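Work through the exercises below with the sequence and the model open. Each task is followed by its solution.

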Amino acid sequence: MSVLPAAPPAASAERPSPVGEVTLLLRRVGAMCLVELQKLRHDRTELVTRTVQPALWLIVFGTTFSRIHAIPTGSTPYLDFLAPGILAQSALFVAIFYGIQVIWERDAGVLAKLLVTPTPRAALVTAKAFAAGIRALVQALVVVVIALLLGVGLTGNPLKLLGAAVVVVLGSAFFCCLSITLAGVVLSRDRLMGIGQAITMPLFFASNALYPVDVMPGWLQMVNRVNPLSYEVEALRGLLVGTPARLGLCFAVLLVAAAVMITVASALLPRLAR
Amino acid sequence: MNPVLVKDLHYAFGDHVAVDGVDLALEPGEVFGLLGPNGAGKTTTLRVVTTLLPAPPDTVLVEGLDVVRSRRRVRRLLGYVPQQLSADGSLTGRENVALFARLFDVPRRERAEAVDAVLDAMGLSESADRTASTYSGGMVRRLELAQALVSAPRVLVLDEPTVGLDPVARSGVWDRIHEVRRANGMTVLVTTHAMEEAELHCDRVALMHRGRLRAEGTPAELTAAIGPDATLEDVFRHHTGDTLEAGGMRDVRAARRTARRVG
Ligand SMILES: Nc1ncnc2c1ncn2[C@@H]1O[C@H](COP(=O)(O)OP(=O)(O)O)[C@@H](O)[C@H]1O
Ligand SMILES: [Mg+2]
């Protein structure tokens with residue numbers, strides 16, 4: 001047998017300092033994102049099956065609606081208008097799945113094992129949130145390729161593409177933590193699946209993903225104003241196809257929404273471990 | 001200093017009392033077995049020791065550190081393998097272990113070597129680059145041991161480590177535990193409801209029944225006090241009027257289900 005590392009003395013465990021806490025957080029986020037990419041590498045079937053829905057939206061819904069000119073999108077072709085919306089939708093579906101994953105991890109003992117590592121709850125939740133962002137980003141790449149094949153005029157500006165990537169990660173972090181929060185409230189996989197299905201479609205339809213805000217009835221415009229998905233879509237549309245967008249506002253809303261949701265989800269995580 | 005010290009621990013889920021006044025004092029380097037039927041409160045006790053469930057201050061200490069006040073320092077000293085088979089089937093063995101090396105801040109320079117060493121010690125070098133979904137139940141358990149050991153814990157906490165495994169896989173798991181313990185002197189706290197296993201592998205045992213400890217000592221002491229040919233099963237019946245295997249099958253089935261899900 002090879003020589004195993006000797007156990008460290010108890011006193012060697014360090015005291016947390018602010019700088020130490022931040023580097024710890026970054027290390028944990030890195031570790032969890034790496035694992036996410038490793039999982040994707042070993043099993044690409046999920047990546048493929050999750051491509052079907054956005055592809056259908058773009059190919060069937062998108063091309064049909066561009067032909068009948070039912071939705072007024074000004075000088076922007078409807079397919080160009082739709083592509084960022086579908087990109088945000090596919091990221092939403094990836095992220096909402098994470099609450100279910102956390103409950104599965106609870107049932108399988110994985111969560112307990114993670115909680116018995118020297119990792120603060122908030123770091124664990126933040127790491128999950130960014131892992132969701134990474135996975136959503138890989139998914140977004142697939143949607144971008146489909147959109148390009150359909151002739152959508154997407155930007156080639158690397159700064160704008162980077163901005164779009166940040167938007168996808170922030171949006172996914174928010175929805176991932178929303179889903180973990182719901183998991184911490186309902187505590188069972190079946191109930192969460194029901195709730196997940198019950199909220200994702202309304203979030204999507206009550207957003208500007210499929211149609212511009214001005215054609216919505218007044219009450220829907222109100223809902224739209226508090227729906228983070230709409231800010232995600234607005235920013236993506238502005239960055240990728242160049243429609244007018246309140247980029248500063250969108251980034252601010254997404255950043256605050258993600259931070260608040262990470263905090264709430266971290267507070268509820270221990271409930272899952274009881 | 002006791003690696004694990006528990007003083008009059010009580011724990012209730014709502015009105016349901018799961019642990020009803022437990023005292024434990026582990027000695028450095030020993031394998032201590034918490035022995036009892038399903039529902040005795042073993043897992044609950046371990047979850048308090050591993051900081052997963054709250055305890056009043058100064059009731060539970062690990063290496064002299066309070067599990068409530070020094071939560072994170074305690075976690076750094078522990079290796080924990082939960083009752084369920086909990087390796088990630090969609091990662092390779094090596095990736096499963098490397099994740100825990102990172103989560104325990106094993107320095108980058110030493111990481112690859114530490115991961116290799118621990119995989120080797122668990123007899124998994126050959127299969128380290130296959131996804132864990134292709135592993136047998138015994139291999140998954142050894143992989144989980146590797147995950148728990150890569151941080152070189154002072155105290156290894158194992159919840160029913162051999163439930164659902166065949167006899168060969170069982171002794172495989174125990175042999176590895178003893179080898180590592182001899183090499184680095186860690187203390188092992190283990191639960192089981194298989195008494196022949198406890199007799200064979202634990203230095204000391206405590207018999208737990210309905211949230212309370214009914215007897216404690218070396219297997220030899222406990223059995224000698226009952227009669228010349230007594231087993232731990234007889235000791236348990238003598239102290240509790242109950243059998244150890246009560247409810248045992250449910251656990252085996254649950255572990256098999258987990259094994260199917262992981263594999
Ligand atoms: N999360 C929980 N909520 C409510 N009751 C629980 C929970 N976990 C365990 N119990 C109950 O506490 C008692 C002790 O359980 P446990 O510690 O798991 O026993 P063991 O590990 O010895 O089989 C059992 O009666 C069990 O039903
Ligand atoms: Mg148990």
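**Exercise 1.** Which residue in E8(B) is the bridge partner of B:Val31?

This is a predicted model, in which local features need pLDDT of at least 70, side-chain atom pairs count only at pLDDT 80 or more, and totals for chains, interfaces and linings use all residues. Residues are numbered from 1 along each chain as its sequence is written, chains are lettered from A in the order in which they are written, and side-chain values use heavy atoms, without hydrogens and water.

Step 1. Find the two strands (DSSP runs of E, at least two residues, numbered from the N terminus). E3(B) spans residues 31–35, and E8(B) spans residues 187–192.

Step 2. Check the pairing, which requires at least two DSSP bridges. E3(B) and E8(B) run parallel and are joined by five bridges.

Step 3. Read off the partner: B:Val188.

**Exercise 2.** Name the other strand described as pairing with E3(B).

Step 1. Strand E9 (residues 204–209) of chain B pairs with E3(B) over four bridges, in the parallel sense.

**Exercise 3.** Are the faces of E3(B) covered or open?

Step 1. In a regular strand, side chains alternate between the two faces of the sheet.

Step 2. One side holds B:Val31, B:Gly33 and B:Leu35, the other B:Phe32 and B:Leu34.

Step 3. Every one of these is buried, meaning under 20% relative accessible area with a 1.4 Å probe, protein chains only. Both faces are therefore covered.

Step 4. For chain B as a whole, 60% of the 263 residues count as buried.

Technical notes:
Buried < 20%, exposed > 50% of the residue type's maximum accessible area, 1.4 Å probe, protein only.
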